[in-house]
Amino acid sequence: MSDLTRRTVLKAAGATLGATAFAAAIAPLTQWKPAESVDEFLRKHYKELAPDELDAICRRVEAEAKTSRGIDVHVAAPQPIPGVQYGYALNLSICVGCRRCAEACHTENNHDRPSHNSYIRVFELDNGSIDLATGDATYEHPVPAKGKYYMPVQCHHCANAPCTKVCPVEATWKEQDGIVVVDYNWCIGCRYCEAACPYHARRFNWKKPEIPNDEINPDQGYLSNRVRPQGVMEKCTFCLHRTREGKLPACLEACPTGARVFGNLADPDSELRWVLANKRVFILKEDLGTKPTFFYFFDK
Amino acid sequence: MSPRLSALGVVLAVLMAAAIAAEVADRPVVTTTETLPAQHPVVRNSHPAPRVQAGVTDHAGRPATIACSTCHAVRTPNPANHAGTDLDQFHQGLQFQHGGSTCLSCHDPGNYDNLRLADGRKVAFENSIELCSQCHGPQRRDYDHGAHGGMNGYWDLTRGGRHRNTCIDCHDPHVPKYQSAFPMPHPRDRFQIPTGATHE
């Protein structure tokens, strides 16, 4: 007589079933490939990086573009210029609402093509009104339209920026020259900063940005227009890969009317300081105490 | 005076002279160390006098053009003309909506290859901004302070130059009102769903 009891059979069947279920459950792990290298996983915070370590990270981002897309890009990490505090002023009297600034941002900063993303949102408002809730950012008719004016809104690079305070991992901060930046490799995608910004200036990458290879701007900044990964925040960086080299931001160059004035707030002879001293200037949502370095002004 | 005293006098005099010389030499040194960084140029767009297509080609096969003065030299200027409809020949289709100006408010009846200021001074077509500035002072003031008119290049002129539009790049001098145009496509983020759209 065999000692195969009912209890033993049930135990064996149970064990087999359990092992199979476990194997099925962990099967996806066999497909898993690390999304980042060990070096990237073990790296230090941006502010603690030595110049050679930062350089190595830039080369790694370039290498990733080569392996994932097969294209050559140049990733730099230009540093703030001593004595420069960036500021921006926008003339509401001559903005015609053509949205060329938003379009220039779209191409300069390697934005997702299907959503036509941009860091600039242009509101069409009724003359005499300043209620953004009544603004239309999706107008589709010839501009400037009668009885309307246009207000482009982008990151105000606030001196008292609420977005940087709410970040639980210090993935976003204000640089020495006043530019508020995001380290896309440090961001965990919690979107607290998006909720904290009273100007709706931050964008979230719900999916990996889709850009044809031949449309990618290869002149990239580590903290600015390099192609973002999925699941991280992004925002206007005053085109720091351009402006820290002394160039004008892309949105200003695209503006046909000269409504945009960019420059150094710390230089009393700058064009920007002339505007602030001589024009009727106002600050959007000034009552919130965010102390923007982005200003609006009128001619008359 | 003893020789020792006079020797002391000479030494003192030499020392004082050296001190004065050093002070004088110091002054220019201070100013030469304060060199300003070189500024790159700001280049303004310039448009030469227009030329009229003659409708024939020259010996090299290029379309021949003629200067304004070719025809205007033999015609008598009429200061009353202020629109294309006033003319019996040429320029009749010209649209004109520029306040109460007449042709000769800007064009020089003495030489149609020039422009002319209100005080009679001649202005080359390349410097038409000087002509516009006679009436549009506030716009010229803003332009000179970088707060009117498109540009590209560098905000920091110690690092690179800048290229600027001139008035007539955006404003047709005969119909100067900025023309309306269709805007570029808008971004389609979740705050920019067209008004009236409903959830699917």
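Predicted model: local features only at pLDDT ≥ 70, side-chain atom pairs only at ≥ 80, totals over all residues.
Local features were considered only at pLDDT of at least 70 and side-chain atom pairs only at pLDDT 80 or more, while totals for chains, interfaces and linings use all residues. Residues are numbered from 1 along each chain as its sequence is written, and chains are lettered from A, and ligands numbered from 1, in the order in which they are written.

Chain A contains nine helices and 12 strands; helices (H or I, at least four residues) and strands (E, at least two) are DSSP runs, numbered from the N terminus. With a radius of gyration of 25 Å, well over the 19 Å that the globule rule gives for 300 residues, chain A is more spread out than a compact globule. The radius is taken over C-alpha atoms, and the rule is 2.2 Å times the number of residues to the power 0.38. Along the principal axes, the C-alpha atoms of chain A fill a box of roughly 105 × 45 × 40 Å. Of the contacts in chain A with a separation of 6 or more, 64% join residues 24 or more positions apart; two residues are in contact if their C-beta atoms, placed from the backbone, lie within 7 Å. Buried residues account for 39% of the 300 residues in chain A. A residue is buried if 20 or more other C-beta atoms lie within 10 Å of its own, exposed if 12 or fewer, and partly exposed in between.

An open sheet in chain A has four strands in the order 10-2-12-11, with mixed pairing; two strands pair if DSSP finds at least two bridges between them. Strand 10 (260–264) and strand 11 (280–282) of chain A are the edge strands, each pairing on one side only. The twist from one strand to the next averages 30°. Strand 2 (residues 86–91) of chain A pairs with strand 10 of chain A in the antiparallel sense over five bridges, and A:Leu90 stands opposite A:Arg260 in strand 10. Helix 9 (residues 271–278) of chain A lies across strand 2, strand 10, strand 11 and strand 12 (294–298) of chain A, at about 115° to strand 10. Axes are lines fitted to C-alpha atoms, for helices over the stretch in contact, and angles run from 0 to 180 degrees between N-to-C directions.

The largest nonpolar core has 64 residues, of which A:Ala89, A:Cys101, A:Cys105, A:Ile120, A:Phe238, A:Cys251 and A:Phe262 touch the most other members. Such a core is a set of buried Ala, Val, Leu, Ile, Met, Phe, Trp, Tyr and Cys residues joined through C-beta atoms within 7 Å. Residues up to four places away in sequence aside, A:Phe238 touches A:Tyr86, A:Tyr88, A:His157, A:Ile179, A:Thr243 and A:Pro249.

In chain B, three strands form an open sheet of order 1-7-6 with mixed pairing. Strand 1 (42–44) of chain B and strand 7 (residues 162–164) of chain B pair in the parallel sense over three bridges, B:Val43 standing opposite B:His163. B:Asp169, in helix 6 (residues 167–170) of chain B, is partly exposed, with 13 other C-beta atoms within 10 Å.

Between the chains, 30 residues of chain B are in contact with 38 residues of chain A. Strand 6 (residues 151–153) of chain B gives the most to the side of chain B that touches chain A, with three residues.
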